Amino acid sequence: MPSYPYLDKINFPEDLRNLKETDLPAVCQDVREYIIDTLSDVGGHFASNLGVVELTVALHYVFQTPKDKIIWDVGHQTYPHKILTGRKKELPTVRKWLGLSGFPKREESEYDLYNTGHAGTSISQALGEACARDLMGENYKVAAVIGDASIATGMALEAMNHGGHIKPNMLVILNDNYMSISKNVGSISNYLNRIISSQVYNRGKTAFYGFLKWIPLIGPALQALAHNMETSFKHFMMRPGGLFEDLGFTYFGPIDGHDVNRVVQMLQNLSKIQGPILLHVLTQKGKGYKPAEADPIKYHGVTPFNKESGKMASADANKIGLSKIVGKTLIDLTNKDKRIAVITPAMIEGSGLRDYQETYPNHTFDVGIAEQHSVAFAGAMTNGGAIPFMCIYSTFLTRAMDQLVEDVSLMNLPVRFVIDRAGIVGPDGETHQGLSDLGYLAGLPNMDIMVPSSAQDIIDSLHFMKDYTEHPIAIRFPKDNGDLRELKFEAPNQVKKGKARLVSEGKDLLILSLGFMLPIAKQVAEILQSKGITTTVIDLFWLRPYDSDLVHKCIESTKQFVILDESYLHAGASGYLLNEIPNHLIGKFLKTFALPLEPIHHGERNQILEHYRLTASQIVDDLLPSLQK
């Protein structure tokens, strides 16, 4: 086991605060090496965590956590925070079943205030904490740490607009990891901020304005002129802060976020200033590990890798992610029809659209972390004659519910929704599980829904969707792979609207299977067959409109039926299906096998299915008492 001379002595922030400030660079080195050593073995979020080591150490050194509150936006950059707050030895379990979450999690530690995973929430939460503190007469500091992408979200700007109006004492740290650290800009910035953030400057400024105000006749005019000159000078020398100053936050920065002593000095100075403050910190994703510095996108999330070379295990050349299948198919479609546009809310990589963007940059609209805007924008594109494919994760589509209703479905605008990461997502855990989309999509007027059960189905469905103009239409699929040797990109199969597929026939039980639950449904049928129980399996493929002729005929010819749905039990397809099935057939319904209404924790898909008794053998065990009566 490697040794970490300073980190080995730190279990909680009070241990860190017992060290000399001159020891902090060595602490940061230890933390960084520990992250590299650990994640090279187990994988996890990588580049973003290396980028915030110094900032995290500085915050816990200056702030009296957990009394003082630190709120992390998104939260995939909190591994250094977890290391310093009592979870160092557990880091090798991160994102694994029953292990540490890859995000802040209240159940893990009092140092984690909120379970996060979606962007743009931290400033609202920090503002709420600050206002509760003041209302209750308490005394502690509150800080939100938010990235340069997240701060552009509507929610973050709404919170800043509110905070700048009511002006509680709070700190927003803008962790900017896109701008390089320029020595010239950094030197000027450090000089200005050392003056501006000092208590002497702020007291002197207040006294100077007070003096000007009382000069007879011309005092108020001089005061306004001096203020305007100071504001103009600050905006000229520190252009990035103009927006935040206009929103009511006092802006400082940018400063080098990898100079831990400089960050400590700034945090100490800023703690003496009243009102809402924004500190702009420049960091580098992947800092301290050259492969990650060179390619932070590739090393955002890693599988186990060779520490010396940075090389991750080679994937099977015949396997292709379902997201990349979408990107490849959309290229093929756009080659033939230039009306196509592809829209995504900051998920070019995750949604498999990098090749598409490079091939058709003018047809690609990455709107940033702005899900509400993306859906309304897509709806409007249909009105202009374009063919928009809205590519989004299931968990993020919930952020645009109002727009789904008001700006697409009620007006029957034919947006093509391509919903990735539906169902169980695994290591990302409860904030990213895609378990609600079928329920709310089926509750929308005009919305048609396809639930493919294979990689080829996705290709076929996308071809069908391109020319489908009757209604908005959605396709949903999980994080999974297809086999390139089995896929037909050039001559896809023809899809017929509202037609399900009869997989097997039997008299005792009917299984209505949705999406990628089909392999489990087939296994259930095989096990039951070995016990003398015959089973009909229907791959629904379409949820709405669904194949009522086939489904009702099969229910009539079997004794009982069940539904298999990789969704929340009360937010999946069952409510829709059971209301479509005639009353005289409902009595044959046994149950829906789905996920219970509770946060579904992180772990591999097979582990989660087993925990909730959704494997084939467990489903058979639950069915047998009813089937053998």
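At what angle do helix α14 and helix α20 pack, and how far apart are their axes? Before the answer, some bookkeeping. This is a predicted model, in which local features need pLDDT of at least 70, side-chain atom pairs count only at pLDDT 80 or more, and totals for chains, interfaces and linings use all residues. Residues are numbered from 1 along each chain as its sequence is written, and side-chain values use heavy atoms, with hydrogens and water left out.

Now the answer. Helix α14, residues 322–336, packs against helix α20, residues 455–466, at about 35°, and the axes are 10 Å apart. Helices here are DSSP runs of H or I with at least four residues, strands are runs of E with at least two, and both are numbered from the N terminus. Axes are lines fitted to C-alpha atoms, for helices over the stretch in contact, and angles run from 0 to 180 degrees between N-to-C directions. On the α14 side the contact uses L322, I325, V326, T329 and L333, and on the α20 side A455, I458, I459, L462, H463 and K466. Contact means heavy atoms within 4.5 Å. By class, the residues of this contact are eight nonpolar, two polar and one charged. Nonpolar covers Ala, Val, Leu, Ile, Met, Phe, Trp, Tyr, Cys and Pro; charged covers Asp, Glu, Lys and Arg; the others, Gly among them, are polar.

The next pair is α4, residues 53–62, and α12, residues 260–270, with an angle of about 40° and axes 9 Å apart. That angle makes α4 oblique to α12. The cut-offs are under 35 degrees for roughly parallel, over 145 for roughly antiparallel, 65 to 115 for roughly perpendicular, and oblique for the rest. Again α4 and α12 cross in a right-handed way. From α4 the contact takes E54, L55, V57, A58, L59, Y61 and V62, which meet V260, V263, V264, L267 and Q268 of α12. Ten of the residues in that contact are nonpolar, one is polar and one is charged.

How many cavities of 30 Å³ or more does a search of the whole structure find? Five. A cavity is a set of points, on a 1 Å grid over the protein atoms alone, where a 1.4 Å probe fits but cannot get out; lining residues have an atom within 4 Å of a point. Grid points are joined across faces, edges and corners, and volume is the space filled by probe spheres set on the points.

The largest cavity has about 80 Å³. It is lined by 13 residues, with R476, L514, G515, F516 and E566 the closest to its centre. Its lining has eight nonpolar, two polar and three charged residues. The second largest cavity holds about 60 Å³. Of its 13 lining residues, S101, K105, D428, E430 and T431 are the closest to the centre. Here the lining divides into three nonpolar, seven polar and three charged.

Last, the backbone. The G253 to P254 peptide bond is cis, with omega near 0°, and P254 sits in strand β5, residues 250–256. R544 and P545 are also joined by a cis peptide bond, with omega about -10°.

Key
Left-handed = near helix turned anticlockwise from the far one by under 90°. 1 Å grid on protein atoms, 1.4 Å probe; cavity = no way out; pocket = protein on both sides within 12 Å on 5 of 7 lines; lining within 4 Å.
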